[in-house]
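Please have the sequence and the model open as you read.

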Amino acid sequence: MANHKSFPSSPHALCVAVLLFAGNAGAQVPSAQLAPVTISGRNPPSAGVAGFGDVPLSKAPLQASVYSAEQMQDAGVQRLSDLTRLDPAISDAYNSEGYIDYLTVRGFVLDNRFNFRRDGLPINAETSIPLDNKERIEVLKGTSGIQAGTSAPGGLVNYVVKRPLDAPLRSATLEWRQTGNVLGAVDLSQRFGQNQAFGVRINAALEHMDPKVRSERGHRDLFALAGDWRLGSDTLLEAEVETGRRSQPSQPGFSMLGDRVPAPGDPRINLNNQPWTLPVVFDATTASLRWQQRLSAAWRFSAHFARQQLRTDDRAAFPFGCTAADGTYYADRYCPDGTFDLYDYRSENERRRTDALDLALHGKFATGPVAHDLTVGMLRSSVRNRFQPYAYNFAGTGNVDGTAVTPPAPDPVFEATNRDERSTELYLRDAITVTERLTAWLGLRGSRLDRQSISTDGTAATDYRQSFATPWLAASYAFAPEQLVYASWGQGVESEVAPNQPRFVNRGQALPALKSRQAEIGIKGASERVAWGLAAFDIVRPLFADVGACDIVDSCTHQLDGTVRHRGVEATGTLHNGAWTLDAGTQWLHARREGSQDAALNGLRPTNVPAFTLKMQAGYTVAAVPGLSLRGGVVHESSRMVLPDNSASIPGYSRVDVGARYDARIGDRTWTLRAGVDNLLDKRAWKESPYEFSHAYLFPLAPRTVRVSLQVAL
């Protein structure tokens, strides 16, 4: 195997290298176009995901990032998982070509069922979510108990939909990526009627997908329509709908070979390349209706309803474990000779529906010298998931070269589980201005869950109800103009049922709610040239585990078994100096298992979580060529554990990206040409090591990829 040039791995060497690279190759886009807008950035916006309305993130006692559509275009972001190249707190969590996006934030994997929002309302992210009609993506970092009834700790993601603009917009984009990815998209906005009372915005996209990973050809389409009606100066009615389809085979992961972590090989190999391989198909339709009413100069009311309907055909030639020639069975990895057991997995016609209604009242008032910025509301949501019996059948023996051919085994012989959920959440948030410099922040969410499940054959029914409250408290002090210090404490909650299987003594029983807690302190500041932020956090998450022999009937109990604790420091900074910008962020994370009945687990690191990350973008605006801006970026992540017992790991890696943007005015049209090269040095590395389905997987860093796009605004 050819050796690939390594990039310097220390933070100081990386800083120097990216600045030298930007100076020699001229790499940048102005920070307003490239870098994530964080709470420490210059003139950052507010973000609904934070839960405090129009309070600017620069003044909120929390950490969050906002990525605009333009920023994502300049950085080459095509899907949610691409944000891992921009934010130090975000890393990969089983992200493969052609499949669902997963994120790890502050070392915790976000739950795609509960940690995602669309315009503030809950959605199911077990699908492909297009970005063509999204105005921005907001990422909250930390526990989210005041924003979500149940959710995994670490963070919350909110997609904000593009709405009609005040000024007309006519934009068309054509993009090409190696080897044959071609995307065409349009974005149209227009107001009309008396006093421009009506607005319409249309986004449409068609894409032929042919990435560098072999056997990955597919296609997708999107049509989105958003409209609004300004019924006078105090009333706004908004409606929107998006519908799309994505069809593309997925890319399974590689794995350990016996007791060995192999060197990363050809990242273009796809192990899902059997003659009978079928694409994963995501069909999704989401619609919403929102009414906003100003009641007075200080008070306003909103009612927001949304429905999301998903249909999925999840199919793959799926590698899992292996039986060696000597009869040894490797349950969580591949065989030493590079072979594995290959399964024909087909789960057809999965249907998921999520409905949500949010009613909120927001107002400002004073109690003596103390000012309040108050929000009270109710969120009512329901989930209905329906599945069919599925196939997960042994089809033969595959190999890591992707050359073995096996017969199909498509019979759907396994029963799935249908699920229903209803929840009612009452919430209160109040930003209390005690003095000109001191603000207290209070949040409380009360939730009631009603959940049922049943197997597709009518057996193994469960039914439980649960209620809990999640508080959040913070205080911030502006010790100087545009400089803030804060401290916060909050909770998040997860709800779980013991598996309904005969070996569990408590099968089908609801377990006590798992309440995570987070304490955070931070300081941040901003000026015209420099913006910075520093935060330290401590998150403790209780864990359930299977205790007992778990090999015969009634031999196992699913119960609380200690915690996992993530303590970390995140630092961000932005420097503007004439034509130059530098945006950098880093996270140090100490994540450990604590309090388990199995003492051998205590003190171990979780799998697939880097202890150190560094993300930087440097930029230069070329004065000699008006409209031209160049950028360079560096990503560095430290080693990750492959196995839960920490006996195997993958080394850290660094990669370099470069890009350019050129804006030109020709006649009455603005042309924007973007070009970039991701993984410029064609670095070979394992980018992540998710331990999923009790199996160790390895995903390679994508090879060097060239991208070019042309956008015209009419």
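Is Arg79 buried or exposed? Arg79 is buried, with a relative accessible area of 16%; buried means under 20% relative accessible area, exposed over 50%, and partly exposed in between (1.4 Å probe, protein chains only).

This is a predicted model, in which local features need pLDDT of at least 70, side-chain atom pairs count only at pLDDT 80 or more, and totals for chains, interfaces and linings use all residues. Residues are numbered from 1 along each chain as its sequence is written, and side-chain values use heavy atoms, leaving out hydrogens and water.

The structure holds 58 salt bridges, each a side-chain nitrogen of Lys or Arg within 4 Å of a carboxyl oxygen of Asp or Glu. Here are some of the pairs.

| Salt bridge | Closest N and O atoms |
|---|---|
| Asp101 and Arg79 | 2.6 Å |
| Asp259 and Arg333 | 3.2 Å |

Asp101, the partner of Arg79, counts as buried at 10% relative accessibility. In the second pair, Lys134 is buried at 1% and Glu242 is buried at 7%. In the third, Asp259 is exposed at 70%, whereas Arg333 is buried at 12%.

Now to the sheet. Three strands form an open sheet in the order 3-4-5, with antiparallel pairing; strands are DSSP runs (E, at least two residues) numbered from the N terminus, and two of them pair if DSSP finds at least two bridges between them. Strand 3 and strand 4 (residues 103-105) pair over three bridges, and Ser91 has Thr104 in strand 4 as its bridge partner.

Key
Helix = DSSP H or I, 4+ residues; strand = E, 2+ residues; numbered from the N terminus.
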